[in-house]
Amino acid sequence: MAETRGFFVILGAFDLDRFSKALDGLTPEFETPRAAQSFDVLDCHDQSLRADSRMLIESNGILQLLQRDQDDVVQDCSGKGQFVQDLPDGPVRAALQKFPKLRALMSIGSGTMEVSRFAVLDKLQKTQVRGSVLLLNTKQGQATILNVHPMRGYDRAFRTVCAALGDMAGTMAGIEPLFQHLFPDVVPYRAKPKIKLSKQEPSIEVAADIIRTFLTVARQNEAGVVADIDTEFLHDYRVSLRRVRSVVSLFKGVFSPEQTAVLKQEFADLMSSTGRVRDLDVYLLEKELYFNLIPPNLHAGVQVMFAQFAKERTRALVELSRRFRSADYDRQMKDLLVLFADTKGLEPGPNADRGAYDYACALIWKRYRKLCKRARGITPETPDENVHDLRIACKKLRYLMEFFAPLFDKGDFKTLIKPLKKLQDNLGLFNDYSVQQEALVEFVSAQSNAQGRANAQLAMAVGGLIAVLNQRQRAERERVMVNFQRFDNPDIQHLFRSLFHHKED
């Protein structure tokens, strides 16, 4: 049998008369739908399932995953507020194994649904095709989802039914039109939205566009931080503000020195209130790793440490949430969005009117040369601070290249970004191991009594962790030097020069 299933989505009401007339001697019989029940469509903030043309529906403690090119899967369990890896074993969890591990399932839309079955019979009342019907209703629209399954020996009837339903469904492809019809107001979230640039666009306009875009992204994450849905909301918020700060600091001469200083301070203040919660998030996310790094007889001390981290995070998140809900914070963010809505309120610097393409080439080439000069001086004996500086240099270059990427060939940029990202990953781990060691020392110090003595179990556990982290940091330093050599190969050098090095620079 060539086909084993037909999947059809019909937007709006299902036209039974039209379906019946198209069946050429066959007769459909539909069961009376079960009582309508409420449902939620679950996905993460990034809407990963939607992007993969899948829809996860939860209703009455049952999860149903709709997949256009595969059979639907159903599992008894609650999904809202859960991480996929924490769901009980079952077909839905198995089908979602590639779902982002740090993202929680959340409701992105709701409505009511009716479930029923149907059969298609011939003139002798023999069932030749079976199917199921899912009728979804929301405040914005209605849709009917039909799954059709053939009976052995009745391929022709199956093809007839599929042809009729295909004609009614039209040319709609994938699940996306279903989302748009049922939830037109739910806009897909993009952590890195595409920003259109033109080569001659004044650099101050480019800066305003980028800052306004990422301020908007930051605001889209505030509610998720307050609700504590998952830790990625705060991570995305911070990354968005980091990009904003990088524009202010890296776009030299676009704003006046006075306005640059004011903006740097304002965005630094916005970031500072989020730092401790994010640090604690990182520690708690790596809890399992910490336990795996040391022998079981030291686990009691680590358990004490993580219990303290969890308590501190609760207090820090309450304080941050209070800030996010405050009128002063809301007014500050709205004022910033108004300021960067256009360039009228901005104070231009000497490079404000410089064309985006020429300005990008000058900035990227200068940053690239600085990075290479710094990296070529890294040796096994180089102080940690210098390695940290290299990490920051890589980040600055990466941000500049991503900001101006629309002005250059995608293939060339991919060739350059890939080894740069690998180097950044190494430097990020090096930095993490260093910061974690410092944080552990500070934690033990804070827990010490008046005589400077810490709990013995805690001190031994932390000492063991610091020793292992130090070993990993040293190994990562060696990888940094190896991966810089890959980034600094002649082909990459030539491509950077050909793309960004102009004589006037």
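A salt bridge is a side-chain nitrogen of Lys or Arg within 4 Å of a carboxyl oxygen of Asp or Glu. With that in hand, you can look at the side chains of Arg 212 and Asp 209, which meet in a salt bridge at 2.8 Å, N to O. Please keep in mind that this is a predicted model.

**Charged pairs**

- Side chains of opposite charge can pair when their charged atoms come close.
- The structure holds 23 salt bridges, and a few of them are described here.
- Arg 212 and Asp 209 both belong to helix α6, where they sit three residues apart, about one turn of the helix.
- Arg 212 counts as partly exposed because its relative accessibility is 25%, while Asp 209, at 18%, counts as buried.
- In helix α15, the side chains of Glu 402 and Arg 398 also meet in a salt bridge, with 2.8 Å from N to O.
- Glu 402 and Arg 398 are four residues apart in α15, so about one helical turn separates them.
- Arg 376 forms a salt bridge with Asp 488, and their closest N and O atoms are 2.8 Å apart.
- This pair links distant parts of the chain, 112 residues apart: Arg 376 is in the loop between α14 and α15, and Asp 488 is in the loop between α17 and α18.
- Asp 488 counts as buried, with a relative accessibility of 11%.
- Salt bridges can also join up into a network, as they do for Asp 46, Arg 103, Asp 230 and Asp 236.

**Helix α13**

- Helix α13 runs over residues 327-339, and at 1.5 Å a residue its 13 residues should span 18 Å. Its end C-alpha atoms are 18 Å apart, which agrees.
- Which residues of α13 are buried? They are Tyr 329, Met 333 and Leu 336.
- Seen down the axis of α13, these buried residues fall within an arc of 60°, so they line one face of the helix.
- Ala 327, Asp 328 and Val 338 are exposed on the other side of α13.

**Empty spaces**

- Rolling a probe the size of a water molecule over the atoms shows where empty space is left.
- The largest pocket has a volume of about 1,800 Å³.
- There are 37 residues lining the largest pocket, and the closest to its centre are His 235, Val 239, Arg 242, Arg 391 and Lys 395.
- Which helix gives the largest share of that lining? It is α8, with eleven residues.
- Helices α8, α10, α15 and α16 each supply at least two residues of the pocket lining.
- The structure also holds one cavity of 30 Å³ or more, and the largest cavity has a volume of about 50 Å³.
- Among the residues that line the largest cavity are Gly 224, Asp 230, Val 277, Asp 281 and Arg 313.
- The elements that give two or more residues to this cavity lining are α7, α10 and α12.

Methods. Residues are numbered from 1 along each chain as its sequence is written. This is a predicted model: local features need pLDDT of at least 70, side-chain atom pairs count only at pLDDT 80 or more; totals for chains, interfaces and linings use all residues. Side-chain values use heavy atoms; hydrogens and water are left out. The expected span of a helix is 1.5 Å times one less than its number of residues. Buried means under 20% relative accessible area, exposed over 50%, partly exposed in between (1.4 Å probe, protein chains only). The arc is that of the directions from the helix axis to the C-beta atoms. On a 1 Å grid over the protein atoms alone, a cavity is a set of points where a 1.4 Å probe fits but cannot get out, and a pocket is an open set with protein on both sides within 12 Å along at least five of seven lines; lining residues have an atom within 4 Å of a point. Grid points are joined across faces, edges and corners, and a volume is the space filled by probe spheres set on the points.
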